[in-house]
Amino acid sequence: MVLSLFKKAEIQPPADVEAASLRSDRFRLERESDWQRLESIVTALEKNRPRSISDDDLLELPVLYRKTASSLAVARETSLDAATLDYLESLVRRAWFQVYGPRIGLFGWLRRFLGGGWSASVRAIWLDICVALAVMVAGTIVGWLLVEQDERWFYSLVSGGMAGGRVPGADPETLRETLGTAESSDGLGIFAAYLFSNNTGVCILAFALGFAFGVPTLLLLVHNLALLGAMYWVFADTGMGLDFAAWLSVHGTTELGAILLAGAAGLHVGRTMAFPGDRSILAAMKGAGVRAAQVMAGCTIMLIVAGLLEGYARQLVGDTPSRLAIGAVMLVIWVLYFALMPAPQERET
Amino acid sequence: MSAPESAGPRPHTLQTRARSKRERTLVTPEGLSLPLTVGARGARAGALLLDLLFLFIGIVVVMLAFSAIGFGLLDVGSTPQGGAVIQALLIAVILLLFLSRYGYFLWFELGPRAATPGKRIAGLRVAARDGGRLTAEMVIARNLVRDIEVFLPAFFLLGGGAEGGVFGLATFVWLMIFVLFPVFNKDALRAGDIVAGTWVVEAREAKLKQAMSLAPDRQDQYRFGEAELSIYGEHELQVLERVLRQDRPESLRDVAEAITAKIGWQLGQGDEREFLEAFYAALRGYLESNMRFGKRKADKYS
């Protein structure tokens with residue numbers, strides 16, 4: 001009994017065709033073994049076990065699918081057996097989902113994605129990237145100017161816990177300490193994992209908020225970058241501007257790049273929603289959403305890299321020139337990758 | 001291809017009317033129209049709650065396992081290498097929480113069934129709205145937007161954010177727009193579905209049931225004339241089919257009595273099933289032969 005649960009369901013031989021008194025039932029009995037064969041193939045595909053399908057069955061799949069689909073078309077016009085029609089409809093629908101389902105798995109998709117799909121969609125939203133970049137730069141400048149004008153702005157921009165002693169008029173030594181390195185790599189892994197999960201959350205938020213015409217995304221970008229500008233002012237005020245920039249650039253070029261892309265992706269969706277162009281709004285949103293999703297998937301990768309750089313490289317490499325070099329190299333790598341990686345040949349998913 | 005369900009008015013029950021509102025037709029490349037049913041909002045909410053429950057249980061179990069490993073087996077509190085173990089476990093916990101928030105839905109919806117366990121239980125799946133392929137990008141897009149539809153409102157409410165005065169109220173209203181989005185469009189699309197071009201449809205599996213006319217042919221004992229057979233239509237035939245398949249003595253008797261009263265027959269005790277099988281076969285044969293000549297009769301009123 002228990003064993004029979006694991007056995008493949010045997011296809012029942014149909015009852016004697018002649019025994020059926022109705023023509024439509026004879027039609028059904030003549031074909032039902034084909035239907036059940038298709039059902040067993042579809043079930044194996046749904047369970048993600050294509051290997052358990054025999055070669056014969058696999059070769060027959062398109063034929064079986066078309067046969068069953070035409071059976072359904074005929075049965076609809078000739079049979080009033082509700083249970084059979086129900087079965088055929090559900091079977092054809094399941095088979096249709098499998099036959100026209102996604103052709104490549106997660107790994108195939110990942111290969112195509114890294115091999116150009118990502119960079120192509122980044123290039124496709126260049127206008128939004130420019131807008132998001134402008135907004136981010138503006139946000140930084142605003143933060144700087146606000147704090148320069150009135151130091152109290154700093155406290156409303158940066159929460160106490162986050163500042164961690166990095167406040168206007170702080171002792172330069174305290175500030176220098178926060179830019180320092182850790183003695184060993186102990187505990188840095190946790191830090192990197194935490195940063196990654198936190199930053200990805202912010203990026204996903206920036207994207208998801210784009211749905212409301214992109215306005216909240218812009219606000220989020222301005223707020224985050226104003227915070228950065230305020231922090232920069234604190235360090236620049238004590239003459240450690242360059243050190244801070246170097247400290248930040250180790251992971252910042254990657255992380256801010258990811259935030260830039262996420263914001264641009266959100267903006268892309270929001271902008272398409274506001275200005276769908278010639279297409280219907282739903283069609284336009286769909287195209288934009290799919291493009292933006294590719295960019296977002298890439299952001300996750302960038303943030304993993306950023307988390308590792310932030311957690312390890314920044315804590316272990318102390319001197320300003322090396323830090324600047326790491327940051328610059330990362331920036332060049334990303335820009336070259338996005339600008340030069342050709343789009344994949346065929347776009348078939 | 002003409003839609004068979006568009007045949008005449010029919011005394012709908014409340015349930016079938018709610019259902020027919022969700023019926024959509026999808027035309028396959030073979031030119032075959034396949035009926036699809038948009039998932040009910042209640043079923044979708046139930047599926048989501050189930051998924052969240054699974055996630056919660058999963059997280060609790062893994063956490064307990066981790067603490068059992070950490071404090072029970074390895075006794076990290078007292079050994080010098082304990083720090084490294086705790087560190088590894090903490091990283092695992094952070095990544096686990098991250099993956100459960102973003103990866104769970106993604107992983108399952110990218111599978112061949114395009115459904116999370118909750119959706120599978122509720123008999124739902126994700127499909128592309130235009131009838132084309134469901135691509136990985138679509139699944140990613142719809143699940144990224146889930147963050148503001150499910151997790152942010154949940155954290156907001158759990159964190160008591162609604163008590164924060166005007167700002168809290170504004171945030172609450174704003175988040176509710178996303179939460180209630182599916183209620184305000186006919187396809188029950190949530191914001192993520194719109195961005196990704198997907199929808200959630202019913203994906204029941206139907207089993208092939210026994211053919212109906214395999215019972216012994218009783219044309220000699222029961223002869224029905226055209227007058228008797230032309231009383232009923234397809235709807236009544238399907239009700240009769242359902243009654244016969246369920247095979248409950250009391251409903252068989254009720255239906256048999258109703259039919260004999262209508263056609264003016266007398267029926268002996270205990271012959272109900274025999275009579276109904278014969279009547280079903282005759283009625284279906286009659287209606288199907290009319291159907292072949294293009295004459296259809298939706299129900300007894302038409």
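**Close-up views of a predicted two-chain model**

View 1. Of the 349 residues in chain A, 40% are buried, and among contacts in chain A with a separation of 6 or more, 78% are made by residues 24 or more positions apart.

**View 2. Helix α12 of chain A and its kink.** Helix α12(A) runs over residues 241-274, and although a straight helix of 34 residues would span 50 Å at 1.5 Å a residue, the end C-alpha atoms of α12(A) are only 40 Å apart. Within α12(A) there is a kink of about 60 degrees, and the residue on which this kink is centred is A:G252. The helix is also mostly covered, with 28 of the 34 residues of α12(A) counting as buried.

**View 3. Overall make-up of chain B, with helices and strands.** Chain B contains 11 helices together with 4 strands. Buried residues account for 27% of the 302 residues of chain B, and of the contacts in chain B between residues at least 6 apart in sequence, 65% join residues that are at least 24 apart.

**View 4. Packing of helices α9 and α10 of chain B.** Helix α10(B), residues 249-263, packs with α9(B) at an angle of about 150 degrees, and the axes of the two helices are 9 Å apart. The crossing in which α9(B) passes α10(B) is left-handed. On the α9(B) side the contact is made by B:L240, B:V243 and B:Q246, and on the α10(B) side by B:S251, B:L252 and B:V255; by class, this contact has 4 nonpolar and 2 polar residues and no charged residues.

**View 5. The side of chain B that touches chain A.** Between the two chains, 59 residues of chain B are in contact with 68 residues of chain A. The elements of chain B that give two or more residues to this side are β2 (33-37), α3 (82-109), α5 (136-158), α7 (191-196), α9 (234-246) and α11 (272-292). Of these, α5(B) supplies the largest share, namely 9 residues. By class, the side of chain B that touches chain A comprises 34 nonpolar, 9 polar and 16 charged residues.

Key:
Residues are numbered from 1 along each chain as its sequence is written. Chains are lettered from A and ligands numbered from 1 in the order in which they are written. This is a predicted model: local features need pLDDT of at least 70, side-chain atom pairs count only at pLDDT 80 or more; totals for chains, interfaces and linings use all residues. Two residues are in contact if their C-beta atoms, placed from the backbone, lie within 7 Å. Ala, Val, Leu, Ile, Met, Phe, Trp, Tyr, Cys and Pro count as nonpolar, Asp, Glu, Lys and Arg as charged, and the others, Gly among them, as polar. A residue is buried if 20 or more other C-beta atoms lie within 10 Å of its own, exposed if 12 or fewer, and partly exposed in between; C-beta atoms are placed from the backbone. The expected span of a helix is 1.5 Å times one less than its number of residues. The bend at a residue is the angle between axes fitted to the seven residues ending there and the seven starting there. Axes are lines fitted to C-alpha atoms, for helices over the stretch in contact, and angles run from 0 to 180 degrees between N-to-C directions. A crossing is left-handed if the near helix is turned anticlockwise from the far one by less than a right angle, and right-handed if clockwise.
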